Amino acid sequence: MDTSWKIAVIGSGPAGFYAAGEFFRQKSWDIKVDMFDRLPTPFGLVRGGVAPDHQKIKSVTKIYNRIAENPNFRFFGNVEFGSDLHQPDLLKHYDAVIYSVGSSSDRALGIPGEDLNGSHSATEFVGWYNGHPDFRDHKFDLSVKNAFVIGMGNVALDVARILAKTPEELAATDITDYALEALRKSQIENIWLVGRRGPLQAAFTPSELREFLELPGADVMVEGNSLELDSESREILETKASKDTKKNIEILEQISASKLSGKKKRVHFLFLASPLEISGEAKVEKLSMVRNQLVKQADGSLRPQATENKIEEDAGLIFRSIGYLGKPLADLPFDQKSGTIPNECGQVKDTESGNSLRHCEYVAGWIKRGPSGVIGTNKQDAVETVHRLLETFLAEKIEPGQNVDLPDIVTLLESRKVEYVSFADWKLLDAYETEAGQAQGRPRLKLTSITEMLEIIRQKR
Ligand code: NAP
């Protein structure tokens, strides 16, 4: 009889893999992990979110590949939670479930005109150029001259950088073919990054900002006098600003001091401005903004406050990049405001507001803590969840298989005619994509349609 613990992990992004890895590090526990993903491809945002020109960041998948080699690990791709499998199914087959599904939606600005043609979320654009099957059919009008990216986080920088890079630079990446072709024909001349607060409060990180000093096809500038900090910001910079913030200011000063050299494109950093309205006949034509000033709050933070000073700019394309947002999952509580599943150290709360906890359900990654941090942040996050789970099992004296009353999940998937993809199948697809890429001197050529992916897997098996 199999006396191992059986854990289901829903979502194969960094948090899911770090959780699986932590289970396998527990020498005194015999644990089997089944990981499910709705796509045939694993790795979540590492494949679908990390920018194509950031291949080094993607090399983190080597760690996930090693975890997947553990004989107690199985991957079930192309299996969607909520349609192919439901929460009650999982609770009948597994001792516990970890939901690590990330934050697949995004925050809206809530301003008039946001739904006009030409106004998009950064999530859509990022998914499109990265070949996420959900976004491959999106269309972006790159024949316009002025693009605006609202937000000053790393995703906003990714979007602005991809718009600013030359086709030659992009061709060396694993950006999808259709995006490369569309960007090759791009007529965009001005890319504006709009931050509601000042440079000191920007959410991006220095290594990502530094890349803007090295764009062969775009001049970069800081608009207005926003680097002349107000007295509160100056004091913060001198007394308690983080190393990253100080570096950001140094780089922005370098950008500001650099000469414009008549390159084809221009990136504008516009701080202390908030969008008020997007307007146009049938599509985006103008963006109205208001100048902000920073006002100190009771907790010492500096928040933006609108002044009387309004700005209006011609705009053809607008991307809001003001944060991702989690989506609710059936049969689980959900906090609408934070877009997360309420939990205590990763253990799911029984209801949205109460304090009682579920013994068999846990969360890790962005759906647990919200969309913050870099890929590595998910390691400590997942480790916390795994140990919370193990401690709960010990405290509650739960035995392996105690609540499990059905045979292997494969029986259920087969009875439902779900065409699941194993990790070995994914490796076939991976080899196909990388070989196709290498033939063109590129890291990989991504397949973006699930039908095509399954077809290639069937052929190569
Ligand atoms: P983020 O870092 O949270 O940045 C969100 C930005 O949107 C902030 O500048 C924020 O300004 C602004 N914002 C929020 N609400 C707004 C509103 N109503 N109006 C105007 N601006 C608003 O989010 P993100 O860029 O989506 O990134 C998510 C996470 O992924 C971050 O931890 C990021 O570092 C990480 N990431 C890392 C990389 C990398 O390492 N290369 C790449 C991409 C993403 P306030 O500060 O004023 O709220």
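**Entry 1: the ligand**

I count a residue as near a molecule if one of its heavy atoms lies within 4 Å of it. I am working with a predicted model, so I keep in mind that local features need pLDDT of at least 70. With that cut-off I looked around the ligand and found 20 residues, of which Asn154, Arg196, Arg197, Glu208 and Gly373 come nearest.

Next I looked up some distances to oxygen atoms of the ligand. For Asn154, a polar side-chain atom lies 3.0 Å from a ligand oxygen. For Arg196, a side-chain N or O atom is 2.7 Å from an oxygen atom of the ligand. Does Gly373 reach the ligand with a backbone atom or a side-chain atom? I found that a backbone N or O atom of Gly373 lies 2.7 Å from a ligand oxygen.

**Entry 2**

Then I traced an open sheet of six strands, and I wrote down its order as β6-β14-β7-β8-β10-β9, with parallel pairing. Which strands stand at the edges? They are β6 (119-121) and β9 (218-222); each has a single partner strand, so one side of each is left without a neighbour in the sheet. On average, neighbouring strands here are turned by 20 degrees against each other, if I ignore direction.

Strand β9 runs parallel to β10 (residues 265-270), and five bridges join the two. In this pair I found Met221 opposite His268 of β10.

Then I checked which helices pack on this sheet. Helix α6 (residues 122-129) touches β6 and β14 (317-320), and its direction makes about 75 degrees with that of β6. Helix α7 (residues 154-164) also packs on the sheet, touching β7 (146-150), β8 (190-194), β9, β10 and β14. The direction of α7 makes about 175 degrees with that of β8.

**Entry 3: the three-stranded sheet**

My next stop was an open sheet of three strands in the order β11-β12-β13, paired antiparallel.

I followed the strands in turn. Strand β11 (residues 273-279) pairs with β12 (residues 286-296) over six bridges, in the antiparallel sense. These two strands form a hairpin, with six residues between them. I picked out two facing pairs: Ser274 has Val290 of β12 as its bridge partner, and Pro275 stands opposite Met289 in β12.

Going on, I counted ten bridges between β12 and β13 (residues 302-314), again antiparallel. Gln293 has Gln305 of β13 as its bridge partner. In the hairpin of β12 and β13, with five residues between the strands, Gly300 takes a positive phi near 90 degrees.

**Entry 4: two helices that cross**

Two packed helices are described by the angle between their axes and the distance between the axes. I looked up both values for α16 (residues 423-438) and α17 (residues 450-460): the axes come within 9 Å and cross at roughly 105 degrees. Angles from 65 to 115 degrees count as roughly perpendicular, and that makes α16 roughly perpendicular to α17.

Which residues make the contact? From α16 they are Asp425, Leu428, Leu429 and Tyr432, and from α17 they are Met453, Ile456, Ile457 and Lys460. I sorted the residues of this contact into six nonpolar, no polar and two charged.

I finished with Thr434, which lies in helix α16. Leaving aside neighbours within four places in sequence, Thr434 is in contact with Pro443 and Arg444. I also checked Thr434 against Ala171: they are 263 residues apart in sequence and 15 Å apart in space, C-alpha to C-alpha.

Key:
Residues are numbered from 1 along each chain as its sequence is written. This is a predicted model: local features need pLDDT of at least 70, side-chain atom pairs count only at pLDDT 80 or more; totals for chains, interfaces and linings use all residues. Side-chain values use heavy atoms; hydrogens and water are left out. Axes are lines fitted to C-alpha atoms, for helices over the stretch in contact, and angles run from 0 to 180 degrees between N-to-C directions. Helices (H or I, at least four residues) and strands (E, at least two) are DSSP runs, numbered from the N terminus. Angles under 35 degrees count as roughly parallel, over 145 as roughly antiparallel, 65 to 115 as roughly perpendicular and the rest as oblique. Contact means heavy atoms within 4.5 Å. Ala, Val, Leu, Ile, Met, Phe, Trp, Tyr, Cys and Pro count as nonpolar, Asp, Glu, Lys and Arg as charged, and the others, Gly among them, as polar. Two strands pair if DSSP finds at least two bridges between them. A polar contact is a pair of N or O atoms within 3.5 Å; within protein, one must be able to donate a hydrogen and the other to accept it, and residues adjacent in sequence count only if both atoms are side-chain atoms.
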